[in-house]
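Here is my note on the structure, as numbered points. Please read each point with the model open beside the text.

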Amino acid sequence: MTRGSTLPAHRLSPLSGRLAIPAQTRTSPAPLLDGFNSASADAAHHTLLACLRSLRWARRVADHRPYPTLEALLAASDEAAYDLAPADLAEALAAEALPTLPEDTYGAAHMALGAAHAAYEAKFGHVFVICLDGVPQDESLDHVLEAIRSRLTNDPEDERVGAAEELRRLAKQRLTDHLRGAGL
């Protein structure tokens, strides 16, 4: 007994000059990424180190170019920042400075921030970092003072995690600002 197919034979209809599968076209990445994606390794590292002073982070982000979208680049930036070892984090923190206050900030605010930062640095051994992305300029001082006072209650390990998160956010903000403003 021979076994044959139990399925009916199907025939494709003639295509009459049309493609069966729509043509696929590759679109170029967002224009603001063109310069970054095509830059030399040294130029890309230089750009990235301006965003976060971690050699490991900059190498990881640069080595995975080209990025198809800004979102893909920012996701890679996040992933590389989450993987920072304690020495990498210390390297990045050593290059940070206190957030700048608005020009019209009164002297007492500078003293309050200076005192809070001195206490923070004495406790944790590094500069206080905070990302002010999305905080209105006129609220930045209050936001910084509130955050530094709040984070002074952290234990060193919790603060290391918090500082790493702020560095990650700063790196993304700086990278986005750089690409939108300067275009490498």
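1. Ring pairs join Tyr120, Phe124 and Phe128 into a cluster. Rings of Phe, Tyr and Trp (its six-membered ring) pair if their centres lie within 6.5 Å; planes under 30 degrees apart count as stacked, over 60 as edge-to-face and the rest as tilted. The structure holds three aromatic pairs.

2. A word on the source of these values. This is a predicted model, in which local features need pLDDT of at least 70 and side-chain atom pairs count only at pLDDT 80 or more, while totals for chains, interfaces and linings use all residues. Residues are numbered from 1 along each chain as its sequence is written, and side-chain values use heavy atoms, with hydrogens and water left out.

3. What are the distance and angle between the rings of Phe36 and Tyr67? Their centres are 6.5 Å apart and their planes are at 25 degrees, so the pair is stacked. Phe36 lies in helix H1 (residues 31-38) and Tyr67 in the loop between helix H3 (55-63) and helix H4 (70-82); the pair links distant parts of the chain, 31 residues apart. Tyr67 is buried, with a relative accessible area of 5%, and Phe36 is buried at 0%. Here buried means under 20% relative accessible area, exposed over 50%, and partly exposed in between (1.4 Å probe, protein chains only). Tyr120 and Phe128 form an edge-to-face pair, with 5.2 Å centre to centre and 85 degrees between the planes. Tyr120 has a relative accessible area of 0% and is buried; Phe128, also at 0%, counts as buried.

4. The overall fold can be stated briefly. The protein has eight helices and zero strands. Helices (H or I, at least four residues) and strands (E, at least two) are DSSP runs, numbered from the N terminus. Of the 184 residues of the protein, 36% count as buried. Contact means heavy atoms within 4.5 Å. Among the contacts with a separation of 6 or more, 70% come from residues 24 or more positions apart.

5. Tyr120 and Phe124 also take part in the packing of two helices, H6 and H7. Helix H6 (residues 107-124) and helix H7 (residues 140-151) pack at an angle of about 30 degrees, with their axes 10 Å apart. Axes are lines fitted to C-alpha atoms, for helices over the stretch in contact, and angles run from 0 to 180 degrees between N-to-C directions. H6 and H7 are therefore roughly parallel to each other. Angles under 35 degrees count as roughly parallel, over 145 as roughly antiparallel, 65 to 115 as roughly perpendicular and the rest as oblique. The crossing of H6 and H7 is left-handed: the near helix is turned anticlockwise from the far one by less than a right angle, whereas clockwise would be right-handed.

6. On the H6 side, the residues that meet H7 include Ala109, Ala112, Leu113 and Ala116; on the H7 side they include Leu141, Val144, Leu145 and Ile148. The residues of this contact of H6 with H7 divide into ten nonpolar, one polar and two charged. Ala, Val, Leu, Ile, Met, Phe, Trp, Tyr, Cys and Pro count as nonpolar, Asp, Glu, Lys and Arg as charged, and the others, Gly among them, as polar. Ala119 is also in H6, and at 36% relative accessibility Ala119 counts as partly exposed.

7. Is H2 parallel or oblique to H3? The two helices pack at an angle of about 130 degrees, with their axes 9 Å apart, and that makes H2 oblique to H3. H2 passes H3 in a right-handed crossing. The contact includes Ala44, His45 and Leu48 of H2 and Leu55, Trp57 and Ala58 of H3. By class, the contact of H2 with H3 has nine nonpolar, one polar and two charged residues.

8. The bond from Arg65 to Pro66 is cis, with omega near 5 degrees. Most peptide bonds are trans. Pro66 is found in the loop between H3 and H4.
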